[in-house]
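Here is a short briefing for a first look at a protein model. Keep the sequence and the 3D view side by side as you read.

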Amino acid sequence: MVRSVLDALETPAPASRGAAPPRVVVVGGGFAGLRLLRRLEALLPADRAELLVISPVDHLLYTSLIPQVCASTVEPRHLAVALLAVLKRTELFLGDVVSADFQARTVTVRSADGSTRPVHWDRLVLAPGSVTATPDVPGLAEHALGLKTLDEAVALRDHVLSRLELAEATKDRRHRAALCTFVVVGGGYTGTELAAQMAAFTRRAAATYPSLRPADVRWLLVDHAPRLLHDLAPALGKRAARVLARRGIEVRLGTSAVEIGADSITLATGGPNVRRHARLPTHTVVWCAGVRPSPLAAALELPTNHGRIVTDEFFRVPAVDGVFALGDVAAVPDSTRGGAPTGQTAQHAVRQGAAAARNVAASLGVRKPRPYRHHDLGFVVDLGGRDAVANPFGLTLSGLPAAVLTRGYHLTTLPATANRLRVATDWLLNSVLGQEITHYATPDPREETIAAAERTGIYQHTS
Ligand SMILES: Cc1cc2nc3c(=O)[nH]c(=O)nc-3n(C[C@H](O)[C@H](O)[C@H](O)COP(=O)(O)OP(=O)(O)OC[C@H]3O[C@@H](n4cnc5c(N)ncnc54)[C@H](O)[C@@H]3O)c2cc1C
């Protein structure tokens, strides 16, 4: 049953709240926000704090499996973990926080209908995550597809299948080749997983069209770094590169995307003095080249480090009392790396959620605060089918053992049993029946742009 939060929001300003318990407002119900709230529910009795989460969506999106939505291995909805199903007493208010008044202790929430209202807080926890980084590459904003939200994942799958349908319908060989060429920019874990899984999926899809052949489909993975998975241990990148080569994916390292058009991408190689450019005909460029903090960080005008809200190791925002930040949006110092900001990963976000809950509770007089400290446990990269690479606790694995570990890891870390069962069932059915090669809707290029899909225009200021 959906709980109504409107009565709670009518609560007047602090002076007239009398004996009402302090209100903890959490902005964002993703990896960090949800974990924090679950811990707070355990740490704080109902009479010690009122808990409220503000989120534009009613679920946590389990992003790690998004490439599998594109490749039709997992149903989109199965990655959406319903917040109210896993939270016991937290109230949910649907909307976007667009600004804050740190003197009056309120945030302004914009609802889906465009109306706004102030919400009072006694403790404010900022966990709105990140959006796709879109550097100043001509044509990127208009023509590239992103991969951060469920909408984008579904749109990408639909877009790719519709390119194959258009290729099937044309007799022009050049046009067909361009339609069957797919370029992923960014060789981190998202881009690598996507290219690996989509190459296999689209070749299977091509085989179902009368005049297309799997060999017509061409995937390229482009990165300006000298190696794949450059943020992870070098051994993982080497092993992933072997799998990609086996799947016929062209990996172009030391290569930058410098211009994107409706039907081409221009790639540049070489140093600044000997730059060589090549134009490649394609109707699909997927931009997986990193994230930037939620534009809310800039709108709040708090001190930032590379756009991330500066905090101390207790997640406190030093400039303002009672405000905490964590997850992708926050530059939390990593004591295991000399105080550099922690990586923008779900692993950190989840652990920060648990650690920050303790410190928020401590600020309300329950338990003692503790600084954040987390040692990297390793990473898993699912390349689809029986292929994966992983380095649990520094041990490098690939092939079937890594694939089993990767799938087991996801089933363990998905935050709800219902989602675990649904995803496991998807995997089982796909292994027997194969992936479904259908799209939901006819893609609309206006809705496919990264800014439209990720709604980055709703803030007063953007970085
Ligand atoms: C495709 C993809 C694959 C990934 N795979 C992995 C992986 O395998 N392993 C790994 O460790 N990490 C992975 N990541 C990174 C991981 O998803 C992030 O590091 C993690 O989600 C950060 O958690 P968070 O809570 O800070 O943000 P999120 O989980 O993104 O949650 C932020 C929440 O805040 C909400 N929100 C945003 N703005 C507002 C606002 N103004 N007001 C209210 N709510 C707002 C959002 O809707 C969202 O629900 C992946 C990311 C992507 C995109």
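Two residues are in contact when heavy atoms of theirs lie within 4.5 Å. By that rule, Q347 touches H374, H375, D376, L377 and G378, with residues up to four places away in sequence not counted. The model is predicted.

**The ligand and its shell**

- The ligand is surrounded by 32 residues. A32, T63, D328, A346 and Y459 are the closest.
- The side chain of T63 places an N or O atom 2.4 Å from an oxygen atom of the ligand.
- Backbone atoms also take part. A polar backbone atom of A346 is 2.8 Å from a ligand oxygen atom. For D328, a polar backbone atom is 2.9 Å from an oxygen atom of the ligand.
- The ligand taken alone exposes 1,000 Å², and the protein buries 90% of that.
- Which elements each supply at least two residues of the shell? They are α2 (31–43), β2 (50–55), β6 (96–101), α8 (189–206) and α11 (346–363).
- Helix α11 gives the largest share of the shell, with three residues.

**Q347 in helix α11**

- Q347 sits in helix α11.
- Is Q347 buried or exposed? Q347 is buried, because its relative accessible area is 10% and the cut-off for buried is under 20%.
- The side chain of Q347 reaches the backbone oxygen of G378 at 3.0 Å. G378 is also one of the residues that Q347 touches.

**T282 in its loop**

- T282 belongs to the loop between β16 (276–281) and β17 (284–287).
- T282 has a relative accessibility of 1%, so it counts as buried.
- A polar atom of the T282 side chain lies 2.6 Å from the backbone oxygen of T181.
- With neighbours within four places in sequence left aside, T282 is in contact with A178, T181, F182 and V183 among others. Its contacts also include A262, D263, S264 and I265.

**Strands and sheets**

- Strands of a sheet pair through backbone hydrogen bonds, either parallel or antiparallel.
- Strand β11 (residues 181–185) runs parallel to β12, and five bridges join them. Within this pair, V185 stands opposite V222 of β12.
- Strand β12 (residues 218–223) is mostly covered. Five of its six residues are buried.
- Another sheet is open and has three strands, in the order β19-β20-β22, with mixed pairing. Its edge strands are β19 (304–305) and β22 (330–331), and each pairs on one side only.
- Strand β20 (residues 308–310) is joined to β22 by two bridges, and the two run parallel. Here V310 stands opposite A331 in β22.

**Cysteines**

- How many disulfides does the structure hold? The count is zero.
- C180 is in no disulfide. The nearest cysteine sulfur belongs to C70, 18 Å away.
- C180 counts as buried because its relative accessibility is 0%.
- A disulfide needs sulfur atoms within 2.5 Å.
- C288 has a relative accessibility of 12%, so C288 counts as buried too.

- A418 lies in helix α13 (residues 417–433). Its relative accessibility is 38%, so A418 counts as partly exposed.
- A418 and A85 are 333 residues apart along the chain. Their C-alpha atoms are separated by 9.6 Å.
- E313 is in the loop between β20 and β21 (323–325). At 35% relative accessibility, E313 counts as partly exposed.
- Which residues does E313 touch, not counting residues up to four places away in sequence? They are P333, R370, P371 and Y372.
- E313 and T425 are 112 residues apart along the chain. Their C-alpha atoms are separated by 40 Å.

Note on methods
Residues numbered from 1 in each chain as written. Predicted model: local features only at pLDDT ≥ 70, side-chain atom pairs only at ≥ 80, totals over all residues. Heavy atoms only, no water. Helix = DSSP H or I, 4+ residues; strand = E, 2+ residues; numbered from the N terminus. Buried < 20%, exposed > 50% of the residue type's maximum accessible area, 1.4 Å probe, protein only. Polar contact = N/O pair within 3.5 Å; in protein donor to acceptor, adjacent residues only side chain to side chain. Pairing = 2+ DSSP bridges. Near = heavy atom within 4 Å. Areas by Shrake-Rupley, 256 points an atom, 1.4 Å probe, with all protein chains shown as cover.
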